[in-house]
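Hi,

Here is the model I promised to pass on. Have a look at it first, and my notes follow below.

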Amino acid sequence: MTFTVATVPFHLLSESKRPLLLLLLAFIFTFGMVRLYTRLARAGSTTRPHRGSLVTRGGLHIHHAVFGVVAIIVAGILEFAFRPGEPWVEMIAVAFGSGAALTLDEFALILHLEDVYWTGEGRKSIDAVILGVTFISLLLMGLLPRNLVEIGDYIVLSRWAAIALLLVNAAFVIVCYVKGKAFMGTIGIFVTPIAVIGALRLAKPGSPWAHNRYTRNPAKLERALRRAEAYHRRWGQWKQAIWDLIGGRPHMSLPTHEAWRETWLGRRGG
């Protein structure tokens, strides 16, 4: 990746990179505009139960994720059906990026199947958007999963060695996600050691891994809780302040350390 002083990195404007760059810009712009609109609608309305969303005359509440899903599907079908050249491929990339932003902005609603947009659980949407921007940016910078770069060399020696290489890296990435370390898992797709570190470290208390494997290991669960509490005390408030700036403050206040611990212990008992 080559940069020159006070100039745009020209490879980002190349024919191969330009659609992905436009996709990223459309993604960020759409997310910013949607959050701005929903925050302004929330601040200016105290009567409508669904602020910032479309409600038909019949009372049907249409979340903007619906429009996002439609945009993604249409853009994907057009790309695969026609494989268009310039400028159509750039227009499809913009449509796909905008649709992805609309969808991920309500990722928490899709995950919980209820309107949690302005609650603490709604913060998962911000997490999803950050991960999306990170993933697209790494691809735009020219980074590829190390295994995909090396697979050509390994496949000459053994097809099974190449397959094993991919499966091992995928296993570490999956473990990261199951342990609740989504950011490390995303970076680990491109940088294998990060995935290995995340897979070997303790799982987050509320993750599927902790729920299934730490239930019968109180000592390990306690260590995970202590580590999570230490992170929350040191970095949690800073993270929430940034998330407030990006997405607005939720209706629900952040839990205290004691309430937070009781939540995870209650999940363990369940």
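Some housekeeping before the details. This is a predicted model, with local features needing pLDDT of at least 70 and side-chain atom pairs counting only at pLDDT 80 or more, while totals for chains, interfaces and linings use all residues. Residues are numbered from 1 along each chain as its sequence is written, and side-chain values use heavy atoms, with hydrogens and water left out.

**Overall numbers**

The protein chain has 270 residues, and 36% of them count as buried. For burial I use relative accessible area with a 1.4 Å probe and protein chains only: buried is under 20%, exposed is over 50%, and partly exposed is in between. The accessible surface of the chain is about 16,500 Å², with 68% of that belonging to carbon and sulfur atoms; areas come from the Shrake-Rupley method with a 1.4 Å probe, and for residues only the protein chains shown count as cover. If you take the contacts with a separation of 6 or more, 60% are between residues 24 or more positions apart (contact means heavy atoms within 4.5 Å).

**Rings and charges**

How many aromatic pairs does the count come to? There are two, using the rings of Phe, Tyr and Trp (its six-membered ring) with centres within 6.5 Å; planes under 30 degrees apart count as stacked, over 60 as edge-to-face and the rest as tilted.

Tyr117 and Trp118 make an edge-to-face pair, 5.0 Å centre to centre with 85° between the planes. Both Tyr117 and Trp118 are buried. The other pair, Phe135 with Phe190, is tilted, at 5.5 Å centre to centre and 55° between the planes. Phe135 sits in helix α5 (residues 123–140) and Phe190 in helix α8 (residues 182–190), so this pair ties together parts that are 55 residues apart in sequence. Phe190 is buried, with a relative accessible area of 5%, whereas Phe135 is partly exposed at 33%.

Trp118 turns up again with a charge: the charged end of Arg42 sits over the Trp118 ring, 4.2 Å from its centre. Likewise, Lys179 lies over the face of Trp209, 4.8 Å from the ring centre. The rule here is NZ of Lys or CZ of Arg within 6 Å of the ring centre and within 35 degrees of the ring normal.

On a 1 Å grid over the protein atoms alone, a cavity is a set of points where a 1.4 Å probe fits but cannot get out, and a pocket is an open set with protein on both sides within 12 Å along at least five of seven lines; lining residues have an atom within 4 Å of a point. Grid points are joined across faces, edges and corners, and a volume is the space filled by probe spheres set on the points.

The structure holds one cavity of 30 Å³ or more, and the largest cavity has about 50 Å³ of space. Its lining includes Tyr117 and Trp118, along with Arg35, Arg123, Ile126 and Trp243. Helices α5 and α11 (218–247) are the elements that give two or more residues to that lining.

The second largest pocket has about 210 Å³ of space. Among the residues lining this pocket are Leu20, Leu23, Phe80, Val89, Ile92 and Phe96. Here the elements giving two or more residues are α1 (18–44), α2 (64–82) and α3 (88–104).

Most residues other than glycine have a negative phi, and most peptide bonds are trans. Which peptide bond is cis? The one from Glu86 to Pro87, with omega near -5°. Pro87 is in the loop between α2 and α3, and that loop also holds Arg83, which has a positive phi of about 45°. Arg83 is exposed, with a relative accessible area of 56%.

Leu113, in the loop between α4 (107–112) and α5, likewise has a positive phi, near 55°. At 74% relative accessibility, Leu113 counts as exposed.

Cheers

Methods: Helix = DSSP H or I, 4+ residues; strand = E, 2+ residues; numbered from the N terminus.
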